[in-house]
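Reader: I've got a model open on my screen and I'd like to learn how to read its helices. Can you walk me through it?

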Amino acid sequence: LEEINKLNNIKSLTENEKEKVFKLASKLEKDILDGKSKYKIAYLTFDDGPSRKVTPAILDILKEYDVKATFFVWAENLEKTQKQRDVLVRTLKEGHAIGNHSYGHLYKYLYPKNTASLDNIMADFNKANDKLKEVLGEDFETRVIRFPGGSMSWNGLSAVKDAFKESNIAHVDWNIDSTDAHSSLRTKEQIISAVKEGIEYLQSANINQATILMHDTDAKSST
(Lines give C-alpha, C1' and ligand atoms only; values in the text may rest on other atoms or scores of the structure.)
Protein backbone atom coordinates (compact mmCIF):
# COMPACT_ATOMS: atom_id res chain seq x y z
CA LEU A 1 0.00 0.00 0.00
CA GLU A 2 2.90 2.37 0.62
CA GLU A 3 4.10 1.91 -2.98
CA ILE A 4 0.58 2.48 -4.27
CA ASN A 5 0.22 5.58 -2.13
CA LYS A 6 3.44 7.03 -3.59
CA LEU A 7 1.84 6.88 -7.00
CA ASN A 8 -1.47 8.34 -5.82
CA ASN A 9 -0.03 11.86 -5.91
CA ILE A 10 1.54 11.85 -9.37
CA LYS A 11 0.04 14.82 -11.17
CA SER A 12 -0.30 13.17 -14.54
CA LEU A 13 -0.09 9.40 -14.69
CA THR A 14 1.07 7.86 -17.95
CA GLU A 15 -0.54 4.66 -19.13
CA ASN A 16 2.54 2.73 -18.00
CA GLU A 17 2.33 4.30 -14.54
CA LYS A 18 -1.38 3.49 -14.31
CA GLU A 19 -0.60 -0.10 -15.23
CA LYS A 20 2.09 -0.19 -12.54
CA VAL A 21 -0.39 1.03 -9.92
CA PHE A 22 -2.88 -1.63 -10.90
CA LYS A 23 -0.27 -4.39 -10.86
CA LEU A 24 0.92 -3.32 -7.40
CA ALA A 25 -2.64 -3.21 -6.08
CA SER A 26 -3.50 -6.56 -7.64
CA LYS A 27 -0.35 -8.16 -6.23
CA LEU A 28 -1.14 -6.69 -2.82
CA GLU A 29 -4.62 -8.21 -2.85
CA LYS A 30 -3.39 -11.58 -4.10
CA ASP A 31 -0.57 -11.74 -1.55
CA ILE A 32 -2.94 -10.83 1.26
CA LEU A 33 -5.49 -13.45 0.29
CA ASP A 34 -2.93 -16.17 -0.49
CA GLY A 35 -0.50 -15.36 2.31
CA LYS A 36 2.43 -16.13 0.04
CA SER A 37 4.77 -13.44 1.27
CA LYS A 38 7.61 -14.70 3.44
CA TYR A 39 7.37 -11.54 5.53
CA LYS A 40 4.90 -11.22 8.37
CA ILE A 41 2.93 -8.05 7.74
CA ALA A 42 -0.17 -6.60 9.38
CA TYR A 43 -2.11 -4.07 7.30
CA LEU A 44 -4.21 -1.75 9.44
CA THR A 45 -7.32 -0.61 7.59
CA PHE A 46 -10.04 1.74 8.79
CA ASP A 47 -13.47 2.05 7.16
CA ASP A 48 -16.29 4.61 7.19
CA GLY A 49 -14.41 7.77 8.21
CA PRO A 50 -13.28 10.40 8.46
CA SER A 51 -14.83 11.36 11.77
CA ARG A 52 -14.31 14.44 13.93
CA LYS A 53 -12.95 12.72 17.05
CA VAL A 54 -11.97 9.09 16.48
CA THR A 55 -10.01 9.54 13.24
CA PRO A 56 -7.75 12.27 14.74
CA ALA A 57 -7.18 10.09 17.81
CA ILE A 58 -6.17 7.17 15.59
CA LEU A 59 -3.87 9.43 13.57
CA ASP A 60 -2.20 10.61 16.78
CA ILE A 61 -1.47 7.03 17.84
CA LEU A 62 -0.21 6.01 14.40
CA LYS A 63 2.08 9.04 14.35
CA GLU A 64 3.42 8.24 17.82
CA TYR A 65 4.45 4.75 16.72
CA ASP A 66 5.43 5.73 13.16
CA VAL A 67 2.90 3.35 11.62
CA LYS A 68 1.08 3.86 8.33
CA ALA A 69 -2.44 2.66 7.66
CA THR A 70 -5.06 2.67 4.93
CA PHE A 71 -8.28 4.63 5.35
CA PHE A 72 -11.24 3.62 3.19
CA VAL A 73 -13.33 6.77 3.05
CA TRP A 74 -17.12 6.94 3.15
CA ALA A 75 -17.19 10.09 1.04
CA GLU A 76 -20.61 11.36 2.11
CA ASN A 77 -19.01 12.17 5.49
CA LEU A 78 -17.04 14.89 3.74
CA GLU A 79 -20.28 16.80 3.22
CA LYS A 80 -20.89 17.11 6.95
CA THR A 81 -18.26 19.40 8.48
CA GLN A 82 -15.07 21.25 7.57
CA LYS A 83 -13.43 19.39 10.45
CA GLN A 84 -13.92 16.07 8.67
CA ARG A 85 -12.52 17.45 5.44
CA ASP A 86 -9.50 18.79 7.34
CA VAL A 87 -8.99 15.39 8.97
CA LEU A 88 -8.86 13.75 5.55
CA VAL A 89 -6.28 16.25 4.36
CA ARG A 90 -4.21 15.53 7.48
CA THR A 91 -4.52 11.79 6.85
CA LEU A 92 -2.99 12.09 3.41
CA LYS A 93 -0.31 14.58 4.48
CA GLU A 94 0.86 12.20 7.19
CA GLY A 95 1.54 9.52 4.61
CA HIS A 96 -1.43 7.21 4.96
CA ALA A 97 -3.11 5.58 1.99
CA ILE A 98 -6.62 6.69 1.02
CA GLY A 99 -9.08 4.23 -0.50
CA ASN A 100 -12.56 4.74 -1.93
CA HIS A 101 -15.31 3.12 0.17
CA SER A 102 -18.23 4.54 -1.84
CA TYR A 103 -20.18 7.76 -1.46
CA GLY A 104 -23.44 6.73 0.17
CA HIS A 105 -22.65 3.28 1.61
CA LEU A 106 -26.27 2.27 0.99
CA TYR A 107 -26.59 -1.49 0.67
CA LYS A 108 -30.09 -1.32 -0.86
CA TYR A 109 -28.84 1.00 -3.58
CA LEU A 110 -25.55 -0.77 -4.29
CA TYR A 111 -26.84 -4.32 -3.89
CA PRO A 112 -30.63 -4.44 -4.48
CA LYS A 113 -31.94 -7.83 -3.37
CA ASN A 114 -28.37 -8.71 -2.34
CA THR A 115 -27.23 -8.54 -5.97
CA ALA A 116 -24.68 -6.01 -7.15
CA SER A 117 -25.93 -3.27 -9.47
CA LEU A 118 -23.13 -2.38 -11.88
CA ASP A 119 -24.65 0.99 -12.80
CA ASN A 120 -25.38 2.02 -9.22
CA ILE A 121 -22.00 0.94 -7.87
CA MET A 122 -20.02 2.67 -10.61
CA ALA A 123 -22.06 5.86 -10.22
CA ASP A 124 -21.66 5.84 -6.45
CA PHE A 125 -17.91 5.20 -6.49
CA ASN A 126 -17.41 7.83 -9.20
CA LYS A 127 -19.31 10.32 -7.05
CA ALA A 128 -17.07 9.43 -4.11
CA ASN A 129 -13.99 9.89 -6.25
CA ASP A 130 -15.19 13.36 -7.29
CA LYS A 131 -15.64 14.30 -3.63
CA LEU A 132 -12.15 13.02 -2.74
CA LYS A 133 -10.68 15.16 -5.51
CA GLU A 134 -12.68 18.17 -4.32
CA VAL A 135 -11.17 17.87 -0.84
CA LEU A 136 -7.67 16.58 -1.64
CA GLY A 137 -7.13 18.29 -4.98
CA GLU A 138 -7.71 17.39 -8.59
CA ASP A 139 -4.31 15.68 -8.74
CA PHE A 140 -5.37 13.11 -6.16
CA GLU A 141 -6.18 9.65 -7.45
CA THR A 142 -6.65 6.38 -5.62
CA ARG A 143 -6.53 2.99 -7.28
CA VAL A 144 -7.78 0.98 -4.32
CA ILE A 145 -11.39 0.48 -3.24
CA ARG A 146 -13.27 -1.51 -0.64
CA PHE A 147 -16.85 -2.53 -1.26
CA PRO A 148 -19.25 -1.68 1.60
CA GLY A 149 -19.82 -4.98 3.35
CA GLY A 150 -16.83 -6.47 1.54
CA SER A 151 -16.83 -8.35 -1.75
CA MET A 152 -17.70 -11.66 -0.07
CA SER A 153 -21.24 -10.72 0.92
CA TRP A 154 -23.01 -10.04 -2.38
CA ASN A 155 -24.07 -11.83 -5.54
CA GLY A 156 -23.15 -10.71 -9.05
CA LEU A 157 -19.98 -8.76 -8.31
CA SER A 158 -17.95 -10.30 -11.12
CA ALA A 159 -19.04 -7.73 -13.70
CA VAL A 160 -18.33 -4.92 -11.24
CA LYS A 161 -14.85 -6.23 -10.49
CA ASP A 162 -14.18 -6.48 -14.23
CA ALA A 163 -15.30 -2.89 -14.74
CA PHE A 164 -12.95 -1.65 -12.02
CA LYS A 165 -10.16 -3.81 -13.41
CA GLU A 166 -10.54 -2.13 -16.80
CA SER A 167 -9.95 1.18 -15.01
CA ASN A 168 -6.87 -0.22 -13.24
CA ILE A 169 -8.61 -0.23 -9.87
CA ALA A 170 -8.26 -3.11 -7.40
CA HIS A 171 -10.49 -3.99 -4.47
CA VAL A 172 -9.16 -5.04 -1.07
CA ASP A 173 -11.04 -7.06 1.52
CA TRP A 174 -9.77 -8.28 4.91
CA ASN A 175 -8.90 -11.54 6.61
CA ILE A 176 -9.26 -10.39 10.22
CA ASP A 177 -12.36 -8.68 11.57
CA SER A 178 -11.59 -6.70 14.71
CA THR A 179 -15.34 -6.95 15.55
CA ASP A 180 -15.38 -3.27 16.52
CA ALA A 181 -18.54 -2.82 14.41
CA HIS A 182 -20.42 -5.75 15.92
CA SER A 183 -21.83 -3.60 18.69
CA SER A 184 -21.50 -0.09 20.06
CA LEU A 185 -20.78 -1.76 23.40
CA ARG A 186 -17.66 -3.62 22.26
CA THR A 187 -14.79 -3.07 24.65
CA LYS A 188 -11.16 -2.60 23.69
CA GLU A 189 -10.40 -5.93 25.38
CA GLN A 190 -12.92 -7.71 23.14
CA ILE A 191 -11.49 -6.04 20.04
CA ILE A 192 -7.91 -6.97 20.96
CA SER A 193 -8.98 -10.53 21.72
CA ALA A 194 -10.68 -10.86 18.31
CA VAL A 195 -7.58 -9.61 16.50
CA LYS A 196 -5.32 -11.97 18.46
CA GLU A 197 -7.60 -14.89 17.64
CA GLY A 198 -7.49 -13.91 13.98
CA ILE A 199 -3.69 -13.73 14.02
CA GLU A 200 -3.46 -17.14 15.67
CA TYR A 201 -5.72 -18.63 13.00
CA LEU A 202 -3.65 -17.15 10.16
CA GLN A 203 -0.46 -18.43 11.75
CA SER A 204 -1.94 -21.92 12.01
CA ALA A 205 -2.77 -21.72 8.30
CA ASN A 206 0.76 -20.46 7.45
CA ILE A 207 -0.61 -17.13 6.23
CA ASN A 208 1.89 -14.36 6.91
CA GLN A 209 -0.13 -11.30 5.93
CA ALA A 210 -3.00 -9.96 7.99
CA THR A 211 -5.39 -7.29 6.80
CA ILE A 212 -7.30 -6.06 9.82
CA LEU A 213 -10.73 -4.48 9.46
CA MET A 214 -11.43 -1.60 11.84
CA HIS A 215 -13.65 1.48 11.75
CA ASP A 216 -12.97 5.15 12.51
CA THR A 217 -16.45 6.55 13.01
CA ASP A 218 -17.13 8.53 16.17
CA ALA A 219 -19.34 5.69 17.39
CA LYS A 220 -16.29 3.39 17.48
CA SER A 221 -14.39 5.05 20.32
CA SER A 222 -13.13 1.67 21.58
CA THR A 223 -11.20 1.17 18.34
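Reader: Let's start where H3 stops. Which residue just after H3 takes a positive phi?

Author: That's Asp66, with a phi of about 55 degrees. Keep in mind that we're looking at a predicted model.

Reader: Okay, now H3 itself. Which of its residues are buried?

Author: Val54, Thr55, Pro56, Ile58, Leu59 and Leu62 are the buried ones. They pack against strand E1 (41-49), strand E2 (70-73), H4 and strand E7 (209-215).

Reader: H4 is on that list of packing partners. How do I describe two helices that pack together?

Author: The general idea is that you give the angle between their axes and the distance between the axes. Here, the axes of H3 (residues 54-64) and H4 (residues 82-93) come within 10 Å and cross at roughly 20 degrees. Angles under 35 degrees count as roughly parallel, so H3 is roughly parallel to H4. As for handedness, H3 passes H4 in a left-handed crossing.

Reader: Which residues make that contact?

Author: From H3, it's Thr55, Pro56, Leu59 and Asp60. From H4, it's Lys83, Val87, Arg90 and Thr91.

Reader: Let's move to H7. How do I read the sides of a helix?

Author: Now the case at hand. In H7 (residues 158-166), the buried residues are Val160, Ala163 and Phe164. Seen down the axis of H7, they fall within an arc of 95 degrees, so they line one face of the helix.

Reader: And which exposed residues does the face turned away from the buried side carry?

Author: Ser158 and Glu166. On the buried side of H7, the cover includes helix H6 (118-136) and strand E4 (144-145).

Reader: Let's zoom out. How many helices and strands does the protein chain have?

Author: There are 8 helices and 7 strands. The chain has 223 residues, and 49% of them count as buried.

Reader: What share of the contacts with a separation of 6 or more comes from residues 24 or more positions apart?

Author: In this chain, such pairs account for 75% of those contacts.

Key. Residues numbered from 1 in each chain as written. Predicted model: local features only at pLDDT ≥ 70, side-chain atom pairs only at ≥ 80, totals over all residues. Heavy atoms only, no water. Axes fitted to C-alpha atoms, helices over the stretch in contact; angles between N-to-C directions. Helix = DSSP H or I, 4+ residues; strand = E, 2+ residues; numbered from the N terminus. Parallel < 35°, antiparallel > 145°, perpendicular 65-115°, else oblique. Left-handed = near helix turned anticlockwise from the far one by under 90°. Contact = heavy atoms within 4.5 Å. Buried < 20%, exposed > 50% of the residue type's maximum accessible area, 1.4 Å probe, protein only. Arc of directions from axis to C-beta.
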